Amino acid sequence: MPHTLAELSQLVGGTLQGDAQRLINRAMPLGMAVAGDITLLDDSERSGKAAASCTASALVVGLDSPNRQAIPAGIAVIEVPDIHAAFTKLVRTFRPPRIRTFVGVSPQAHVSPQARLAENVDIHAGATICHDVEIGSGTVIHPGVYVGPGCRIGRDVTIFPNSVLYENVSIGDRTLIHAAVIIGAYGFGYRLQDGRHVLTQQLGYVEIGSDVEVGAGTTIDRGTYGPTVIGEGTKIDDQVMIGHNCRIGRHNLICAQVGMAGSSSTGDYVVLAGQVGVRDHIQIGDRAMVGAKAGIMYDVAPETSMVGIPAYPMKEWRMQQVVIQKLPDLRHQVKELE
């Protein structure tokens, strides 16, 4: 449903410069917006270059944006203090979120009589809830989910299709588990006995705090004897592997394809960028940052930035790169000296 610029400006609490009665049909990203759309222009240099060829009908910009001069003539502007908060409201106006329809416990779900379900729980068709499972109020279990014996799931949790919780997994309130996540699988731990690799004890479990998000296709192994722990507020991207006995702190950001070997730990507010590899029994301190594809072979001190394979502190790594770039010249000089 179209909205006038006057309506949209009032919605986001902005200052409009342009035709107040112009109709807007959609809110779209800058590179995809056409006539009839509203888009956003942030303060980055890349956005400033893209704005020059923009054909959208209106732009949401920040106060005193350095990219204002790049906006073509004829495009209306709504100035706001926070462009991303404002544009979120606009996107939701044109594409409102789907309203949850309460389905209760589907007759096509397999729910043990010994499971304990609070009020307003949705169990969709094809889900399996085993005995001694406890599920808090407002939680949604999508089709194809398997919840093993003894699991504890808090309030307002969402578990998307085809995820698997092995026995005794604990999940805190308001946590989001995306599709095809495996929580509580056996850890990759073996001992050599009579020439054969024999699986070690897998008697532990997984404990996930409140307000955690686990991305699609991620795997979190159970502890050997105690728990593998994911701290409150931590956000885990797609296709991440967390080994047995790992202890992840609070409010970490763990990006796609990170692999953490067993018994490693992180402090609070740690960032692991894409494809980081962490060796077993490593400790990473509070607020450390590890750059993409880095290989962590030694403990990382708090508030340290690490990059490279193997990883070094950022300052040392940059010095190494300068030297590496000079190697061809140094080789030529050595040949001349010889």
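Strand E11 (residues 128-129) and strand E14 (residues 146-147) run parallel and are joined by two bridges; two strands count as paired if DSSP finds at least two bridges between them. Strands (E, at least two residues) are DSSP runs, numbered from the N terminus. Across this pairing, Ile 129 stands opposite Val 147 in E14. The model is predicted, so local features need pLDDT of at least 70 and side-chain atom pairs count only at pLDDT 80 or more, while totals for chains, interfaces and linings use all residues. Residues are numbered from 1 along each chain as its sequence is written, and side-chain values use heavy atoms, with hydrogens and water left out.

**The parallel sheet**

- E11 and E14 belong to an open sheet of ten strands with parallel pairing, in the order E8-E11-E14-E17-E20-E25-E28-E31-E34-E37.
- The edges are strand E8 (110-111) and strand E37 (295-296); each has a single partner strand, so one side of each is left without a neighbour in the sheet.
- E17 pairs with strand E20 (residues 182-185) in the parallel sense over two bridges, and Val 164 stands opposite Ile 182 in E20.
- E20 is also joined to strand E25 (residues 219-221) by three bridges, again in parallel, with Ile 183 opposite Ile 220 in E25.

**Nonpolar cores**

- A nonpolar core is a set of buried Ala, Val, Leu, Ile, Met, Phe, Trp, Tyr and Cys residues joined through side-chain atoms within 4.5 Å. Buried means under 20% relative accessible area, exposed means over 50%, and partly exposed lies in between (1.4 Å probe, protein chains only).
- The largest nonpolar core has 49 residues, and those with the most contacts inside it are Ile 141, Ile 159, Leu 165 and Ile 296.
- A second, separate core has 18 residues, including Leu 8, Val 12, Ala 58 and Leu 90.
- In soluble globular proteins, nonpolar side chains tend to be buried together.
- Contact means heavy atoms within 4.5 Å. Leaving out residues up to four places away in sequence, Ile 296 touches Val 276, Gly 277, Val 278, Arg 279, Ile 282, Val 290, Met 306 and Ala 311.

- Strand E21 (residues 190-193) contains Tyr 190, and four bridges join E21 to strand E22 (residues 196-199) in the antiparallel sense.
- The two strands form a hairpin with two residues between them, and Asp 194 in the turn has a positive phi of about 55 degrees.
- The bridge partner of Tyr 190 in E22 is Leu 199.
- Tyr 190 and Leu 199 also belong, with Tyr 186 and Phe 188, to a nonpolar patch on the surface with about 470 Å² of accessible area together.
- Patches are made of residues with over 30% relative accessible area and no salt bridge; like charges are joined within 9 Å, and nonpolar side chains (Val, Leu, Ile, Met, Phe, Trp, Tyr) within 5 Å. A salt bridge is a side-chain nitrogen of Lys or Arg within 4 Å of a carboxyl oxygen of Asp or Glu.
- Accessible areas come from the Shrake-Rupley method with a 1.4 Å probe, and for residues only the protein chains shown count as cover.
- Tyr 190 is partly exposed because its relative accessible area is 43%.

**Two histidines in loops**

- His 142 lies in the loop between strand E13 (140-141) and E14, and its relative accessible area of 18% means that it is buried.
- Not counting residues up to four places away in sequence, His 142 touches His 124, Ala 127, Thr 158, Ile 159, Phe 160 and Pro 161.
- His 281 is found in the loop between strand E34 (277-278) and strand E35 (283-284), and at 53% relative accessibility His 281 counts as exposed.
- Apart from neighbours within four places in sequence, His 281 is in contact with Gly 262, Ser 263, Ser 264 and Asp 299.

**Backbone features**

- Most residues other than glycine have a negative phi, and most peptide bonds are trans.
- Asn 168, in the loop between strand E17 (164-165) and strand E18 (170-171), has a positive phi of about 65 degrees although it is not a glycine.
- Tyr 269, in the loop between strand E32 (265-266) and strand E33 (271-272), has a positive phi of about 60 degrees.
- Asn 168 is partly exposed at 39% relative accessibility, and Tyr 269 is partly exposed with a relative accessible area of 36%.
- A cis peptide bond joins Ile 309 and Pro 310, with omega about -10 degrees; Pro 310 is found in the loop between strand E38 (305-307) and strand E39 (312-313).
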